[in-house]
Amino acid sequence: MEIAIIITCLFLSAFFSGMEIAYVSSNKVYLGVEKQQTTLISRILTKLTESPVQFITAMLVGNSIALVVYGYHMGAMVIRWIVMLGWDLHSFYIVLLQIVVSLFVILLTAEFLPKFFFQVYANTLIKFFALPAYVFYVLFYWVSLFVIKISDFILLKILRTKGDARQAYFTRGELGNYITEQINGVDSQEEMDSEIQIFQNALEFSDLKAREVMTPRTEIAAVELNDPVEGLRDLFVSTGYSKVIVYEDTLDNIVGYIHSFELFKKPKTIKDVMILVDYVPETIYIKELLNILTRKRKSMAVVLDEYGGTSGIITVEDIIEELFGEIEDEHDAEEKLIEERVDDGVYLFSARLDVEYINETYELALPELDSYVTLGGFVVHNTKEIPKTGDKIRLDDFEVTVEQASNKKIELIKLQLLKNK
């Protein structure tokens, strides 16, 4: 009977400790979504989480009772073991042995292991054990309420401390984790709800900088300020762009841009219809840039590098696409980025692919620095030049072969992990 009581107390202590850590570790967005359901468990979760302090206190009260009963019976059992073994110990060592044995068992079976599992599987276990937790919540309701009142009186009236401010129901990180779980739960990108993808984009939006979104210098369509209008018209036709950059003497001196509908005014010179452009550094966050462009009623800005040269251009459309996905019209040609696993440890990548994306998707460990974003930028950053087609370069634990390149940029790269050779 005594062993049964001890085992029961250990299970109860593990349950109370686990539910306490499960609530603290659970994703509050997940709980919020579950509470909106119409099932019995959802209604129970709503009751349990109406007052988090009351719930946690009820679990602490239950755990305390279980520990007291366990300690009494475990101590008595240890004494019987000592008598059965015929040990003649001083009372101090008897008490010490009771403490050591009882503490070892309780820490291993009712504290460490349960809290570990309840923390790792918090969302699942808090839902699975909601019903028994509610039974004990009701059972210890008045005891926990009395404990809370006494604690509040001591803290607020006697010690004159301020009560804890109630925090937001869920944090930005919890929302991000919940959305990531939803995205990982679908089989393909096509099955994903657009609202979930927009939420994910919105969470990442505030951390994006202009250099991660801009159209790079090598892909800018531009005309010289003194070029004839006929050349501008031909450039609009050949590119299908709605806006064209205007520079004076060199692309590092961009002075404005022209919208295609300005040609209906039949200008005599490019300068007659040119719109002045704003300049921003590479490190500006696109959320700040969107505010600037909206306030000034501009649709484009020139992104400058640390030396004041043209690094690229960024439009309002580029920024909006980071939230809502690609916005394509009939003039947009679909760009096919190549990403292919050729062999074990050998990959074929378009140089425009982000290094961060490659690391996450293919579990590679390419260095990530603020100096570059794309795979092509990674190569150029390390070689300090634009390699030619066929060049092989050793970069850290990788061998890079330039499969295709022009005199302006790298197009296609073969990446081989040398550790797999």
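**Start at a strand pair**

Select Tyr257 and then its bridge partner in β5, Ile275. This is a predicted model, in which local features need pLDDT of at least 70, side-chain atom pairs count only at pLDDT 80 or more, and totals for chains, interfaces and linings use all residues. Residues are numbered from 1 along each chain as its sequence is written, and side-chain values use heavy atoms, leaving out hydrogens and water.

Now show β4 (residues 250-259) with β5: the two pair in the antiparallel sense over two bridges. Strands here are DSSP E runs of at least two residues, and helices are H or I runs of at least four, numbered from the N terminus; two strands pair if DSSP finds at least two bridges between them.

Widen the view to the open sheet of four strands, ordered β2-β3-β4-β5 with mixed pairing. β2 (222-224) and β5 (275-276) are at its edges with a single partner strand each, so one side of each has no neighbour in the sheet.

**On to β8**

Next, colour β8 (residues 310-315). Six of its six residues are buried, so the strand is largely enclosed by the rest of the structure. Buried means under 20% relative accessible area (1.4 Å probe, protein chains only).

Click Ile313 in β8: Thr215 has it as bridge partner, and so does Val302. β7 (residues 300-304) runs antiparallel to β8, joined by five bridges. In their hairpin, with five residues between the strands, stop at Gly308, which takes a positive phi near 90°.

**Last stop: Leu48**

Select Leu48 and display its contacts (heavy atoms within 4.5 Å). Leaving aside residues up to four places away in sequence, Leu48 touches Phe55, Ala130, Ala133, Tyr134 and Tyr137.

Notes
Buried < 20%, exposed > 50% of the residue type's maximum accessible area, 1.4 Å probe, protein only.
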